[in-house]
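Hi everyone, thanks for making time today. Please have a look at the model on the screen while I talk.

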Amino acid sequence: NVSNPDLELQVTGSHDWSGKGAGKAKLEGKVVRANPVSIFRYVPIVAGRDTRAWLKDSLLPSKPYSATFTLAGDLDRFPFREPNSGRFLVNARAPAA
């Protein structure tokens, strides 16, 4: 479990590291609580400046929301632009969205 003032996560799975690169992940998790206006801070830089700016400007203050997520694949290939290179899926439930 991971928790701070912005979010609380519950994660299960594995991370294999061979000593090189970022390793391979096979994780399933639940976002128990997240502050929408802080989400942009947790988006990886590789997602791009435009994506992070859009999230910062578009997610409005509201009640914390919850979500489930899957992260599976070689993390050096994230954000998995090539077919079958990995999977990153977030299913969010936001009140009054």
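Predicted model: local features only at pLDDT ≥ 70, side-chain atom pairs only at ≥ 80, totals over all residues.

Residues are numbered from 1 along each chain as its sequence is written, and side-chain values use heavy atoms, with hydrogens and water left out.

Confidence first. pLDDT is the predictor's confidence in each residue, from 0 to 100. The protein chain has a mean of 88, and 95% of its residues reach 70 or more. Confidence is highest in S2, at a mean of 94, and lowest in S5, at 88.

On to the sheet. Strands here are DSSP runs (E, at least two residues), numbered from the N terminus, and two of them pair if DSSP finds at least two bridges between them. Five strands make an open antiparallel sheet, in the order S1-S2-S3-S4-S5. S1 (2–3) and S5 (86–93) are the edge strands, each pairing on one side only.

How many bridges join S1 to S2? Two, and there Ser 3 stands opposite Glu 8. S2 (residues 7–16) and S3 (residues 24–34) are joined by 10 bridges, with Leu 9 facing Val 31 across that pairing. S3 then pairs with S4 (residues 65–74) over nine bridges, where Ala 25 has Gly 73 as its bridge partner.

Leu 9 takes us to the core. A nonpolar core is a set of buried Ala, Val, Leu, Ile, Met, Phe, Trp, Tyr and Cys residues joined through side-chain atoms within 4.5 Å. The largest one has 11 residues, including Leu 9, Val 31, Phe 40 and Phe 69. S2, S3 and S4 are the elements giving two or more residues to this core, and S4 gives the most, with three. Contact means heavy atoms within 4.5 Å; beyond its neighbours within four places in sequence, Leu 9 touches Asn 1, Val 2, Lys 30, Val 31 and Phe 69.

Last stop: Ser 85, in the loop between S4 and S5.

Note on methods:
Helix = DSSP H or I, 4+ residues; strand = E, 2+ residues; numbered from the N terminus. Buried < 20%, exposed > 50% of the residue type's maximum accessible area, 1.4 Å probe, protein only.
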